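The sequence and the structure are shown below.

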Amino acid sequence: MASLASPAGSPTPHIRGISSQPPSKIPKKKPLFPKTVREVEAKVGLGALSLVNKGLTSLEGLGVRPNMVKLYAQNNHLRDLQFLEVQPHMRELHLEDNDLTSLRGLESQPKVEHIFVAGNPLCNHPLHRVMCLIAIGNSLRKVDSISISQIERVQASRVSERARKAVRLGWLLDFKRRTDEQFDMIAKEFQREAIHFEPARPLSPIPSSSSPPSSWSLSSHMRPISPDSPLDSLSSSVNDTGRTQFKDSPEMNDFASNTDP
């Protein structure tokens with residue numbers, strides 16, 4: 001299979017007439033009503049599926065694509081990743097310039113190495129990279145062309161299975177201590193509050209990606225941590241108990257202690 005790999009920051013590869021113009025430069029189509037994969041013409045070639053700038057609001061109809069290696073879904077109006085089923089051979093997932101405020105619906109993807117989420121409101125959350133790693137799994141190597149750091153891997157590894165489930169349901173990671181019962185309640189709440197757009201229901205505005213939404217969630221459980229302690233600036237060491245210690249970050253240490261397996 002011919003490789004579609006391209007240098008970081010380079011435009012989308014040319015696939016059967018797909019424009020090589022960067023997606024961020026293409027004006028978004030403004031949908032008045034929900035639009036799914038079933039309603040658009042996808043471009044396919046060399047293991048890639050392109051749904052760029054189709055006005056999509058849902059990935060319903062995508063199904064399982066055994067031969068798909070790369071999915072291009074930039075410049076749409078996706079608010080969640082429901083209907084993105086486990087793709088057995090997908091290695092790249094392009095979701096730039098959508099309306100994602102969480103990773104709701106993102107299933108573990110066994111082969112995905114690189115995800116692109118730049119241009120989404122989600123990126124204003126200081127732990128969005130760790131959440132991508134939690135949701136996708138250990139195969140992930142890069143987020144938006146930047147390698148996953150060791151600290152990020154350590155942090156993701158200490159998150160409980162219940163917290164991982166909550167992230168995939170739309171919860172945003174924070175450092176508040178929670179019991180298993182509390183995480184179960186969060187999961188039930190998000191399952192209950194899941195939004196399903198009806199065919200005749202016009203879309204409501206989504207917060208701009210240039211600033212964090214005034215509320216990160218449908219519930220009080222989703223509280224972003226303070227951006228005063230960005231994850232990338234933290235340094236760590238392992239103490240004599242084998243637990244990772246993060247310098248100048250008691251919140252990080254509390255979270256690691258609370259999520260130890």
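What percentage of the 261 residues of the chain count as buried? In this predicted model, the share of residues that count as buried is 48%.

**Chain overview**

- The chain contains five helices and nine strands, and their order along the sequence is β-β-β-β-β-α-β-β-α-α-α-β-β-α.
- Among contacts between residues at least 6 apart in sequence, 49% join residues that are at least 24 apart.
- The accessible surface of the chain amounts to about 13000 Å², and carbon and sulfur atoms account for 51% of that surface.

- Helix 3 spans residues 161–169, and its buried residues are Ala163, Arg164, Ala166, Val167 and Leu169.
- An α-helix has 3.6 residues a turn, so residues three or four places apart point the same way.
- The cover over the buried residues of helix 3 includes helix 1 (128–136), helix 2 (150–157) and helix 4 (180–192).
- Gly170 follows helix 3 and has a positive phi, near 120°.

**Packing of helix 3 against helix 4**

- The axes of helix 3 and helix 4 lie 9 Å apart, and the two helices pack at an angle of about 20°.
- Because angles under 35 degrees count as roughly parallel, helix 3 is roughly parallel to helix 4.
- The crossing of helix 3 with helix 4 is left-handed.
- Helix 3 contributes Arg162, Ala163, Lys165, Ala166 and Leu169 to the contact, while helix 4 contributes Asp180, Phe183, Asp184, Ile186, Ala187, Phe190 and Gln191.
- Classified by type, the residues in this contact of helix 3 with helix 4 are seven nonpolar, one polar and four charged.
- Ala163, Ala166 and Leu169 of helix 3 are buried and also take part in the contact with helix 4.

**Packing of helix 1 against helix 2**

- Helix 1 and helix 2 cross at roughly 55°, and their axes come within 9 Å.
- This angle makes helix 1 oblique to helix 2.
- Helix 1 and helix 2 form a right-handed crossing.
- On the side of helix 1, the contact is made by Arg129, Val130, Leu133 and Ile134; on the side of helix 2, by Glu152, Arg153, Gln155 and Ala156.
- The contact of helix 1 with helix 2 comprises four nonpolar, one polar and three charged residues.

Key
Residues are numbered from 1 along each chain as its sequence is written. This is a predicted model: local features need pLDDT of at least 70, side-chain atom pairs count only at pLDDT 80 or more; totals for chains, interfaces and linings use all residues. Side-chain values use heavy atoms; hydrogens and water are left out. Buried means under 20% relative accessible area, exposed over 50%, partly exposed in between (1.4 Å probe, protein chains only). Helices (H or I, at least four residues) and strands (E, at least two) are DSSP runs, numbered from the N terminus. Contact means heavy atoms within 4.5 Å. Axes are lines fitted to C-alpha atoms, for helices over the stretch in contact, and angles run from 0 to 180 degrees between N-to-C directions. Angles under 35 degrees count as roughly parallel, over 145 as roughly antiparallel, 65 to 115 as roughly perpendicular and the rest as oblique. A crossing is left-handed if the near helix is turned anticlockwise from the far one by less than a right angle, and right-handed if clockwise. Ala, Val, Leu, Ile, Met, Phe, Trp, Tyr, Cys and Pro count as nonpolar, Asp, Glu, Lys and Arg as charged, and the others, Gly among them, as polar. Accessible areas come from the Shrake-Rupley method with a 1.4 Å probe; for residues, only the protein chains shown count as cover.
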